[in-house]
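Welcome! Please have a look at the sequence and the model below, and then we can walk through a few places together.

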Amino acid sequence: MSAAGGLPAFAHDALGKSEALGTVATICDVCFWKCGAVAHLRDGKLWKVEGNELDPLSEGRLCPRGTGGVGAHYDANRLKWPLIRKGKRGQEQWVRATWEEALQTIADRMSKLKADYGPESMALFTHGLGGSFFKHTMHAYGTPNIAAPSYSQCRGPRDVGFTLTFGEGVSTPERTDIANAGCLVLIGSHLGENMHNTQVQEFSHAIERGASIIVVDPRFSVAAGKAKHYLPIKPGTDMALLLAWMNVLVKEELFDKEYVDAYGYGFDAFAAHIAQYTPEWAYPKTGIEPSVIRETAREMARHRPASLVHPGRHVTWYGDDAQRSRAIALLNALLGSWGRKGGFYYPASVDIPAYPYPDYPTPRRPKADNPGNKYPFADGALTNGIREATTTGKPYPIKGWMVYATNLLEAMPNREETIRAIQELDLMVVVDVIPSEIAGWADVVLPESIYLERHDDLHLSWFRQPFVGLRQPVVESPNDQKPGWWIARELATKLGLESFYPWKHIEDYLRTRVESAGLSFDELKKHGVILGPKEPLYFDEGVPAEFYTPSGKIEFYSPQLEAAGFDPVPQFTAHEQPPPGAFRLLYGRSPVHSFSRTQTNPVLSEMENENEVWLNEDIARRYGLASGDYVRLKNSEGTTSNPVRVKATQRIRGDCVYMTHGFGHSARGIFPKYKKGASDGQLITKYEVDPLMGGTGMNMTFVTLELEA
Ligand SMILES: Nc1nc2c(c(=O)[nH]1)N[C@H]1C(S)=C(S)[C@@H](COP(=O)(O)OP(=O)(O)OC[C@H]3O[C@@H](n4cnc5c(=O)[nH]c(N)nc54)[C@H](O)[C@@H]3O)O[C@H]1N2
Ligand SMILES: Nc1nc2c(c(=O)[nH]1)N[C@H]1C(S)=C(S)[C@@H](COP(=O)(O)OP(=O)(O)OC[C@H]3O[C@@H](n4cnc5c(=O)[nH]c(N)nc54)[C@H](O)[C@@H]3O)O[C@H]1N2
Ligand code: SF4
Ligand SMILES: [Mo]
């Protein structure tokens, strides 16, 4: 099984051939969706992972990445023990250290930072459930600077746009009732490539049921292949389409008048504003024919209120993303889908009290990411704001970064800016499982046990079925890796913060919490999940129709935005288009990989070990290119990618190219065979900051093609 790295042969045997010797219920972490899983052992070794049938998120089925999760345990690229830098930052030269040495080094430097600059000078970047004990240690230490790219490089603008409109965001997992939608509109959301398990399962049931699907994407995505209407929009013009759709619904009186009368605020001002945005106005901008705009608007109206315009997730596209998300929210409001079956349901969670910790110290200064409230509607911390504070020393110096499970060099736009900030630090710590790009810049690298080797905090998502889930170890770590909770606890102890960790082992912590809610921890360990009682999901099931906006209503016209100097009703802004000979770089998901975190997984790498660049076939022909040829992409600043294989296809417009994110690794410690393909993260140097909330629009990169000799 050399192709699959260190994978034992039996891991590839036909499933079910021989009896598994043990099973452990746990939670997948190949992405942060947190599906309930059951891991099987054979001869004491990790054999396979399947869905946990009791778990409402997975309903017994994992996505391909989750199934391939065993490969994370057998990944030959893994960090094996703590490392301390020798040589310059970024040279990726290390000496092996003991945990005692590594953690004492970090604690000594953190104590010095606290004395010299205050605890706020330390920032934590984190992604996923595993980060919760690092957050706890950092709060106890006294810093408010805790951020994740999953806010300002992903879903932040969406939740701001929805909150401005309905008074609430769409949360994770999204409260979208795809399961019951009669019409589902996907704007970019590439379900089927985006493999968020629950949504993909609901989407496939919707297809089976014959739901009417409308897909808006410059690229004929997997979802587009299932659509009744596919709208190949010109990139960056979705706002024009949304405005025109709303224009049709209002003009033809197809919207839910009763719902708008009952719950809407400022509808008349909204309607007056929207009157100018006819389908004929939108046509030259979007490239979508007026008749198609009208037909699709009517299709949505026919199915309302079970007409769901999906809010998307990764919406940081063009810098006006919160307003575009608000337009999506308003379109849903016209269709009456919020709080209605087949639209947006009201989620619930099991109520488990927090652990009775002492109070955290109050930071003396507010967080540094958004000085002077420059981005007035930011309701999460901005990674890019912390990066800027680190580089400029303003509003106060940030001198230490702790980076947990987030590859900032691939995830944040403009890698050079990130490196410049890192050079200002007195301390840079990375907690990772492989020697990733970001780990390459650390002073101290701490190897974490992978999710199948550790406990994490309880999983308490808000969902249509309330539940609590447990991640627990299935196998031991192969080397000197340690679980995050242990690392965060040891570090706190060395910082003199042991009063924040009254428990010794995480099982004591978990048991205390679960039992304080009157539930059985032993049952949770056995089944991996405990369901709570179902609650009403929709207004007509008894959910009170309350909107937490200032007016207490759905804000068609937003006095909040107006007061802050922004458009109270969304408007269209034209975005720069690529110059002749250049293409807009678009990116998305590979169905068998997560971000930049799975390319070294031997099982998933066997399925796909490099990405491709999608290029319109007619254009490819002009360049003399065919599928399988290799090109490099060069951005307008002159940054050039690794060679990447061409996919010449009619499935993409001629003004853009597309690739999946996460490939083209450059870290020294990753074996060369896992570094194939090109990195979108390397090419995205230009970005547009959202003036409402500080998210970074990253679809602003133009590339040209460099042919391989
Ligand atoms: N397999 C897998 N699944 C994942 C992940 C993963 O890593 N792997 N990551 C998860 C995460 S964190 C997120 S946030 C989601 C992201 O997934 P989504 O939120 O579904 O994806 P987007 O980033 O919106 O979209 C990429 C799609 O938008 C299209 N697009 C690009 N520009 C435009 C435009 O201007 N207009 C329109 N209408 N479409 C455009 C692209 O062609 C592509 O099809 O995926 C999640 N699911
Ligand atoms: N150019 C570009 N930028 C993007 C995106 C894009 O598509 N293109 N997508 C955006 C989106 S939607 C999001 S949500 C963010 C996500 O971006 P990130 O938050 O960076 O997410 P990942 O790529 O999952 O980063 C995971 C890092 O954690 C490490 N890791 C994996 N498993 C573990 C573990 O068990 N423990 C620890 N300690 N570390 C682990 C991996 O090796 C990797 O270094 O990126 C955003 N930025
Ligand atoms: S969506 Fe896939 S990778 Fe993510 S948690 Fe679920 S099974 Fe795992
Ligand atoms: Mo994301």
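Let's begin in a loop: Pro-305 sits between H11 and strand E12 (307-309). Helices (H or I, at least four residues) and strands (E, at least two) are DSSP runs, numbered from the N terminus. Pro-305 is joined to Arg-304 by a cis peptide bond, with omega about 5°.

Before going further, a word on the ground rules. This is a predicted model, in which local features need pLDDT of at least 70 and side-chain atom pairs count only at pLDDT 80 or more, while totals for chains, interfaces and linings use all residues. Residues are numbered from 1 along each chain as its sequence is written, chains are lettered from A and ligands numbered from 1 in the order in which they are written, and side-chain values use heavy atoms, leaving out hydrogens and water.

Another cis peptide bond links Lys-394 to Pro-395, and its omega is about 5°. Pro-395 belongs to the loop between helix H13 (383-392) and strand E13 (400-404). Lys-34 is not a glycine, yet its phi is positive, at about 70°. You will find Lys-34 in the loop that runs between strand E1 (22-27) and strand E2 (36-42). For background, most residues other than glycine have a negative phi, and most peptide bonds are trans.

Helix H7 (residues 238-251) packs with helix H11 (residues 290-303) at an angle of about 65°, and their axes are 9 Å apart. Here axes are lines fitted to C-alpha atoms, for helices over the stretch in contact, and angles run from 0 to 180 degrees between N-to-C directions. On the H7 side, the contact (heavy atoms within 4.5 Å) is made by Leu-241, Ala-244, Trp-245, Val-248 and Leu-249. H11 brings Ile-293, Arg-294, Thr-296, Ala-297, Met-300 and Ala-301. By class, the residues of this contact between H7 and H11 are nine nonpolar, one polar and one charged. In this scheme Ala, Val, Leu, Ile, Met, Phe, Trp, Tyr, Cys and Pro count as nonpolar, Asp, Glu, Lys and Arg as charged, and the others, Gly among them, as polar.

**Around the ligands**

Ligand 2 has 30 residues around it, of which Asn-407, Ala-411, Asp-432, Glu-448 and Asp-680 come nearest. Its shell is made of twelve nonpolar, ten polar and eight charged residues. Which helix gives the most to the shell around ligand 2? That is H5, with four residues.

The table lists polar contacts, meaning pairs of N or O atoms within 3.5 Å.

| Residue and part | Ligand atom | Distance |
|---|---|---|
| Glu-193, backbone N or O | ligand 1, nitrogen | 3.2 Å |
| His-314, polar side-chain atom | ligand 1, oxygen | 2.6 Å |
| Tyr-318, polar side-chain atom | ligand 1, oxygen | 2.5 Å |
| Val-431, backbone N or O | ligand 2, nitrogen | 3.1 Å |
| Arg-454, side-chain N or O | ligand 2, oxygen | 2.9 Å |
| His-661, side-chain N or O | ligand 2, nitrogen | 3.0 Å |

Taken alone, ligand 2 exposes 930 Å², and the protein buries 97% of that. Ligand 1 on its own exposes 920 Å², of which the protein buries 98%. These accessible areas come from the Shrake-Rupley method with a 1.4 Å probe.

Conventions
A residue is near a molecule or strand if one of its heavy atoms lies within 4 Å of it. A polar contact is a pair of N or O atoms within 3.5 Å; within protein, one must be able to donate a hydrogen and the other to accept it, and residues adjacent in sequence count only if both atoms are side-chain atoms.
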